[in-house]
Amino acid sequence: MVYEKLMGMEQSIAMNDTLDLSGDGGVVKITVKQAKGDAMGPSDDRPLVDVHYEGILAETGEVFDTTREDNSIFSFEIGTGSVIKAWDMALRTMKVGEIAKITCKPDYAYGVAGSPPEIPPNATLIFEVELLACKPRKGSSISSTQDERSRLEELKKQREMAAALKEDEKKKREEAKAAAAARIQAKMESKKGKGKGKAK
């Protein structure tokens with residue numbers, strides 16, 4: 001029943017809401033519900049995502065996993081390999097409040113091994129995913145992340161200035177050393193000249 005419902009949704013959605021994220025048909029995303037225009041999506045500053053989802057075996061229409069029954073939330077960090085490839089790819093394109101149907105071929109899901117006993121080998125999976133939130137890493141914040149970048153940039157500038165100052169001081173020392181050597185040489189030449197005059 002759930003599978004038939006999802007199939008009906010797919011038929012009712014315009015083609016421009018369908019995205020081939022992998023370029024080979026391996027990960028196809030269909031937008032079921034658009035997010036609001038000002039909604040945020042995952043980013044380097046907000047890589048932690050909270051989602052509701054329902055997973056279906058494409059071949060049988062059987063629901064093998066869901067957070068809907070107990071209204072639980074699944075959280076993970078994008079780009080760390082903690083979820084299947086299809087999820088990493090699809091969630092990057094979503095915004096908070098959006099609901100999407102993601103069809104995943106085996107190469108972008110659990111491959112030839114599957115994930116027994118729920119997911120058989122070489123299974124194509126269909127997920128309905130709702131992005132609930134995207135947040136900074138624990139112990140971090142957007143402002144602290146930006147502050148850290150600013151601090152590193154400032155530190156880099158300070159190091160460059162210190163290196164330039166050090167190089168300038170080195171050059172001045174070499175010039176002073178050369179000038180001192182020239183003065184000593186001049187004095188020695190002067191003494192030699194005076195010595196010759198006395199000998200006469």
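This passage describes the salt bridges of a predicted model and where their partners lie. Local features require pLDDT of at least 70 and side-chain atom pairs are counted only at pLDDT 80 or more, whereas totals for chains, interfaces and linings use all residues. Residues are numbered from 1 along each chain as its sequence is written, and side-chain values use heavy atoms, with hydrogens and water left out.

The structure holds six salt bridges, a salt bridge being a side-chain nitrogen of Lys or Arg within 4 Å of a carboxyl oxygen of Asp or Glu. One of them joins the side chains of K135 and D50 at 3.0 Å, N to O, and links distant parts of the chain, since K135 lies in strand β7 (residues 125-135) and D50 in strand β3 (residues 48-57), 85 residues apart; helices (H or I, at least four residues) and strands (E, at least two) are DSSP runs numbered from the N terminus. K135 is partly exposed, with a relative accessible area of 37%, while D50 is buried at 11%, where buried means under 20% relative accessible area, exposed over 50% and partly exposed in between (1.4 Å probe, protein chains only).

A salt bridge also connects E77 with R137, with the closest N and O atoms 2.7 Å apart. E77 belongs to strand β5 (residues 74-77) and R137 to the loop between β7 and α3 (142-199), so the pair ties together parts that are 60 residues apart in sequence. R137 is partly exposed, its relative accessible area being 42%.

Within helix α3, D168 and K172 are four residues apart, about one turn of the helix, and form a salt bridge whose closest N and O atoms are 3.7 Å apart. D168 is partly exposed at 35% relative accessible area, and K172 counts as exposed at 52%. Salt bridges that share partners join R68, E128 and E130 into one network.
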